[in-house]
Amino acid sequence: MRHSKAEKAKTHKRIVAIASKRFREEGLAGIGIADLMKEAGLTVGGFYRHFKSRDDLVAEAVGSALGFWKRQVDAAASGGPPVTYESLVDDYLSEAHRNHPGAGCPVSALAGDIARSDKRTRALVTRQIQDNIELIATLIRGGNNKDKSTARSQAALAYCALVGAIGVARAVSDEQLSREILKTVAQLLKSPAS
């Protein structure tokens with residue numbers, strides 16, 4: 001039975017969405033193609049009608065999860081809630097983000113895996129990290145008269161602190177310590193001395 005291009009595109013998008021969520025939950029090596037395709041209601045053989053390789057799926061799945069902050073900025077420009085440095089820090093270092101890696105930042109969920117992934121995936125993530133650092137720098141500069149170089153340095157530090165803090169908060173088994181990590185890093189990042 002032949003499927004229309006629209007049906008194939010819809011199925012492709014569904015596979016990418018499932019893979020994106022599951023990779024962030026279990027790691028790039030934590031779930032296989034057979035399990036992903038089964039979750040999508042498809043056979044393993046159908047995988048190659050949509051992707052040339054597992055690396056192609058990884059790149060698309062990770063890429064689809066990137067750009068969350070840009071979507072927030074775009075929504076703010078269209079009348080949605082404003083994006084500030086403080087709101088960005090609070091949202092990122094929230095218990096909701098910690099508890100739901102499948103819906104969160106792929107960098108915090110997959111940094112180690114991404115470092116060992118193919119060039120295409122690493123290039124996508126590199127561009128997004130550059131964009132994220134620039135966004136943070138812009139938000140920092142918008143709040144005061146810092147020069148561009150100082151704001152960029154602070155933005156790089158803040159980005160690494162955000163990603164690291166959420167990763168460590170997820171890694172520890174002590175709920176109180178996990179909350180302390182999130183709260184402490186958020187406070188320090190938002191303090192005027194940072």
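Is R179 buried, partly exposed or exposed? R179 is partly exposed, with a relative accessible area of 41%, where buried means under 20% relative accessible area, exposed means over 50% and partly exposed lies in between (1.4 Å probe, protein chains only). The structure is a predicted model, in which local features need pLDDT of at least 70 and side-chain atom pairs count only at pLDDT 80 or more, while totals for chains, interfaces and linings use all residues. Residues are numbered from 1 along each chain as its sequence is written, and side-chain values use heavy atoms, with hydrogens and water left out.

**Nonpolar core**

- The largest nonpolar core has 49 residues, and those with the most contacts inside it are F23, L57, L93, I136 and L162; a nonpolar core is here a set of buried Ala, Val, Leu, Ile, Met, Phe, Trp, Tyr and Cys residues joined through side-chain atoms within 4.5 Å.
- At least two residues of this core come from each of α1, α2, α4 (54–65), α6, α8 (106–115), α9, α10 (148–171) and α11, the helices being DSSP runs (H or I, at least four residues) numbered from the N terminus.
- The helix that gives the most to this core is α10, with nine residues.
- Leaving aside residues up to four places away in sequence, F23 touches L28, I31, L36, R54, L57, V58, A61 and L110, a contact meaning heavy atoms within 4.5 Å.

**Packing of α1 and α4**

- Helices α1 and α4 pack at an angle of about 80°, with their axes 8 Å apart; the axes are lines fitted to C-alpha atoms, for helices over the stretch in contact, and angles run from 0 to 180 degrees between N-to-C directions.
- That angle makes α1 roughly perpendicular to α4, since angles of 65 to 115 degrees count as roughly perpendicular, those under 35 as roughly parallel, those over 145 as roughly antiparallel and the rest as oblique.
- On the α1 side H12, I15, V16, A19, S20, F23 and R24 take part, and they meet R54, L57, V58, E60, A61, S64 and A65 in α4.

**Salt bridges**

- Side chains of opposite charge can pair when their charged atoms come close.
- The structure holds 14 salt bridges, each defined as a side-chain nitrogen of Lys or Arg within 4 Å of a carboxyl oxygen of Asp or Glu.
- One of them joins the side chains of E26 and R22 at 2.7 Å, N to O, and these two residues are separated by about one helical turn because they stand four residues apart in helix α1 (residues 5–26).
- Within this pair E26 is partly exposed, with a relative accessible area of 37%, whereas R22 counts as buried at 19% relative accessibility.
- R22 also meets the side chain of E39 in a salt bridge (2.8 Å, N to O); E39 lies in helix α2 (residues 33–39) and R22 in helix α1, so the pair ties together parts that are 17 residues apart in sequence.
- E39 itself counts as partly exposed, at 41% relative accessibility.
- Another salt bridge brings together the side chains of R179 and E95 (3.0 Å, N to O), and this pair links distant parts of the chain, with R179 in helix α11 (residues 175–190) and E95 in helix α7 (residues 95–99), 84 residues apart.
- E95 counts as partly exposed, at 34% relative accessibility.
- Salt bridges that share partners join K21, R22, E25, E26 and E39 into one network.

**Aromatic pairs**

- The structure holds four aromatic pairs, counted when the rings of Phe, Tyr and Trp (its six-membered ring) have centres within 6.5 Å, with planes under 30 degrees apart taken as stacked, over 60 as edge-to-face and the rest as tilted.
- The rings of F47 and Y48 have their centres 4.8 Å apart and their planes at 85°, so this pair is edge-to-face.
- F47 is buried, with a relative accessible area of 1%, whereas Y48 is exposed, with a relative accessible area of 55%.
- Together with F51, the residues F47 and Y48 form one aromatic cluster.

- S87 lies in helix α6 (residues 85–92) and counts as partly exposed, at 23% relative accessibility.
- Although S87 and K190 are 103 residues apart in sequence, they are 9.8 Å apart in space, C-alpha to C-alpha.
- N132, in helix α9 (residues 119–143), counts as buried at 9% relative accessibility, and N132 touches W69 and Y159 when residues up to four places away in sequence are not counted.
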